[in-house]
Amino acid sequence: MEQEKTDQLEQSAIKEAEQAEDSRALYEVKMRFLGRMGSVIQLMKKMRDLPPEERPEFGKKVNALRERLERAFERIELALKMRELAERLKTENVDVTMPGRKRASGALHPVTVVKNQLVDIFAGMGFEIYEGPEIESEYYNFTALNTPADHPARDMQDTFYLNDSFLLRTQTSAGQIRVMENKKPPIKVLSPGRVFRSDDDATHSPMFHQMEGLVVDKGVTLCDLRGMLDEFARTMFSETSKTRLRPSYFPFTEPSVEVDVSCAACGGDGCALCKGTGWIEVLGAGMVHANVLKNCGVDPEEYSGFAFGMGVERIAMLKYGINNIKLLTENDVRFLEQFRG
Ligand code: PHE
């Protein structure tokens, strides 16, 4: 009778274990038979009801049953694990020949690309970088640059005033003063930055970038400026680029020049980009005015210097044939994607 019961228990435990669908179900079966409240323990408790002389025999039997069940569960568990592993290997199979998923990556804005190129070119010539503040006082933006309050040249630039004496700088030239006030010649500084003017059409934007250059030392001449600009044009545009200086006017340079570069699109023959002239204006420059040097405590009898200022957007537009400056601030990805470098 007892024997029958244990046999039955053993059989149903093994049967249930074999039917378990996964490790979790198997674990539950195991707990039901071998756990702390499991059938085997219950069986063991029955020992109390037996006469003492039958107990050792009974205990042995139940222990043997437990051991057999433990081994059976181990065997079944191993088989189940193998089955599960085989299943996983099948479903989690990686097809290494499948093409990869494309990930969109960003790229530098064309203005940043051009700015970095300009900085590289001039840093290669030994220029240091100085970045001045975007909010300037009237003094640095105009007065110290030989442009007093009633000077008509102030009208050349439509200024955003913040109050009576502070404004958004209209030109990086303001940085010239800050540099000369703080550093004795020899000076060779490049000053890139944002500038602001109340101006808005296809080639003008209220915010744009300039790159200012300033060289002050003994015996600096306009020839040095020209040689340096030729070198710049060749590196920035093409090996065969040439420059041309035209007389111009800026209050803070004397003489002042406007610098044209031979049109890179047509090589100087004349095309739509250069409006048939073969030349494209790229920057303003000149010899630093004696008054500007004096304003910064630099003796114009001892030192001379040249300065130049170029528009970064303008250079980018020329280089890439962009016909509207707005494209550079709208940030339409369809436009920007074309400059993936
Ligand atoms: N600051 C001038 C402008 O904004 C450019 C310039 C810079 C001219 C330095 C001469 C010397 O137009």
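Where is H151 found? H151 lies in the loop between α6 (138-141) and β3 (166-168), where helices (H or I, at least four residues) and strands (E, at least two) are DSSP runs, numbered from the N terminus.

## Basis of the model

This is a predicted model, in which local features need pLDDT of at least 70 and side-chain atom pairs count only at pLDDT 80 or more, while totals for chains, interfaces and linings use all residues. Residues are numbered from 1 along each chain as its sequence is written, and side-chain values use heavy atoms, with hydrogens and water left out.

H151 counts as buried because its relative accessibility is 19%; buried means under 20% relative accessible area, exposed over 50%, and partly exposed in between (1.4 Å probe, protein chains only). The side chain of H151 makes a polar contact with the side chain of Y249, at 3.4 Å. A polar contact is a pair of N or O atoms within 3.5 Å; within protein, one must be able to donate a hydrogen and the other to accept it, and residues adjacent in sequence count only if both atoms are side-chain atoms.

L162 is also placed in the loop between α6 and β3, and it counts as partly exposed because its relative accessibility is 45%.

## Surface patches

I135, L162 and F166 form a nonpolar patch on the surface, with about 280 Å² of accessible area together. Patches are made of residues with over 30% relative accessible area and no salt bridge; like charges are joined within 9 Å, and nonpolar side chains (Val, Leu, Ile, Met, Phe, Trp, Tyr) within 5 Å. Accessible areas come from the Shrake-Rupley method with a 1.4 Å probe, and for residues only the protein chains shown count as cover.

A patch of negative charge on the surface gathers D155, D158, D199 and D201. In this assignment Lys and Arg count as positive and Asp and Glu as negative, whereas His and the chain ends are not counted. The place of a charge is taken as NZ of Lys, CZ of Arg, CG of Asp or CD of Glu. D199 lies in the loop between β4 (187-196) and β5 (207-217), and it counts as partly exposed because its relative accessibility is 30%.

## Strand β4

R194 is found in strand β4 and is partly exposed, with a relative accessible area of 36%. R194 and F208 are 14 residues apart in sequence and 5.6 Å apart in space, C-alpha to C-alpha.

## Backbone geometry

Most residues other than glycine have a negative phi, and most peptide bonds are trans. The peptide bond from P185 to P186 is cis, with omega near 5°; P186 is placed in the loop between α7 (174-182) and β4. A cis peptide bond also runs from E254 to P255, with omega near -5°, and P255 belongs to strand β7 (residues 253-262).

K275, although not a glycine, has a positive phi of about 50°. This residue is found in the loop between β7 and β8 (279-288), and K275 is exposed, with a relative accessible area of 73%. N331, likewise not a glycine, has a positive phi of about 55°. The place of N331 is in the loop between α11 (327-330) and α12 (333-336); N331 is partly exposed, with a relative accessible area of 45%.

## Salt bridges

Side chains of opposite charge can pair when their charged atoms come close. A search of the whole structure finds 16 salt bridges, a salt bridge being a side-chain nitrogen of Lys or Arg within 4 Å of a carboxyl oxygen of Asp or Glu. One of them joins K81 to E77, with the closest N and O atoms 3.2 Å apart. Both K81 and E77 lie in helix α4 (residues 55-91), four residues apart, about one turn of the helix. K81 counts as partly exposed at 43% relative accessibility, and E77 is partly exposed, with a relative accessible area of 27%.

The side chains of R88 and E92 also meet in a salt bridge (3.6 Å, N to O); E92 counts as exposed at 51% relative accessibility. R334 forms a salt bridge with D332, the closest N and O atoms being 2.6 Å apart. R334 is exposed, with a relative accessible area of 63%, whereas D332 is partly exposed, with a relative accessible area of 28%. Salt bridges that share partners join R244, R246, D260 and E281 into one network.
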